[in-house]
Amino acid sequence: MQNFVFPAMQNLKTALQASQLPYPIPVTTKDISLPYALFNTNEVVVRDGGFEYRNLFDSITDAVHAALEKVGGGSVEIVVAESGWPSKGNGDIATVENAKMYNNNLIRHVLGNSGTPRRPGKSIEAYVFGLFNENLKPAGTEQNFGLFYPDMTEVYHVNFAGI
């Protein structure tokens, strides 16, 4: 396994470095509209050449696709290992309503096979972060990404059928 995982990680590192993005990428919430982040706008918010973006998830996913293409890795499949929204811990941004909207819209989006502007019609494998709120993490948003409380009651309902 090590013979495969380490070279893959090195290739990803090379691809991301080749994208010539500053690291860390400077982004603040004032730079990103909440509807764009929550998959809740039909308007084009970002244009990148011929690609038009209506949600932040697609623009981030396609940024990785573009970096991989730049170094000859355009055929590499991307898996989004963690994507989620905290239900509290950051004022009016991290709310139960926003977390429910984000996760339900994420699931609907990846199950819908619409793909991204750079990969239209191609399904996206993505995993919701996280299953449970983690009361042993430091106080704030990090404790509140779960779909369930530690006692297994729902924080909010998520429709995994994407309907």
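**Entry 1: D58**

I looked up D58 and found it in helix 3; helices (H or I, at least four residues) and strands (E, at least two) are DSSP runs, numbered from the N terminus. The model is predicted, so I noted that local features need pLDDT of at least 70 and side-chain atom pairs count only at pLDDT 80 or more, while totals for chains, interfaces and linings use all residues. Residues are numbered from 1 along each chain as its sequence is written, and side-chain values use heavy atoms, with hydrogens and water left out.

Is D58 buried or exposed? Its relative accessible area is 5%, so I recorded D58 as buried. Buried means under 20% relative accessible area, exposed over 50%, and partly exposed in between (1.4 Å probe, protein chains only).

I then listed the contacts of D58, leaving aside neighbours within four places in sequence: Y53, H109, G115, T116, P117 and I124. Contact means heavy atoms within 4.5 Å. D58 and T116 are 58 residues apart in sequence, yet their C-alpha atoms are 5.4 Å apart in space.

**Entry 2: F57 and the aromatic rings**

I next examined F57, which counts as buried at 7% relative accessibility. Not counting residues up to four places away in sequence, F57 touches F39, V80, S83, Y102, L106, H109, V110, I124 and A126.

I found five aromatic pairs in the structure. Rings of Phe, Tyr and Trp (its six-membered ring) pair if their centres lie within 6.5 Å; planes under 30 degrees apart count as stacked, over 60 as edge-to-face and the rest as tilted. F39 lies in the loop between helix 2 and strand 1 (46-48) and F57 in helix 3, 18 residues apart, and the pair thus links distant parts of the chain. F39 is also buried, with a relative accessible area of 14%. Ring pairs join F39, F57, W85 and Y102 into a cluster.

**Entry 3: the nonpolar core**

Which residues have the most contacts inside the largest nonpolar core? They are F57, W85, Y102, L106 and Y156, in a core of 16 residues. Helix 4 gives the most to this core, with five residues. A nonpolar core is a set of buried Ala, Val, Leu, Ile, Met, Phe, Trp, Tyr and Cys residues joined through side-chain atoms within 4.5 Å.

Helix 4 has 16 residues and reaches 22 Å from its first C-alpha to its last, close to the 22 Å expected at 1.5 Å a residue; the expected span is 1.5 Å times one less than the number of residues. Its buried residues include Y102, L106, H109 and V110. I noted helix 2 (34-37), helix 3 (56-70), strand 3 and strand 4 among the elements that cover the buried residues of helix 4. After helix 4 comes N113, whose phi is positive, near 60°.

Strand 3 (residues 79-83) and strand 4 (residues 125-128) run parallel and are joined by three bridges; two strands pair if DSSP finds at least two bridges between them. The chain crosses from strand 3 through helix 4 (residues 96-111) to strand 4 in a right-handed β-α-β crossover. Right-handed means that, with the strands pointing away from the viewer, the path from the first strand over the helix to the second runs clockwise. V80 has A126 in strand 4 as its bridge partner, and S83 stands opposite V128.
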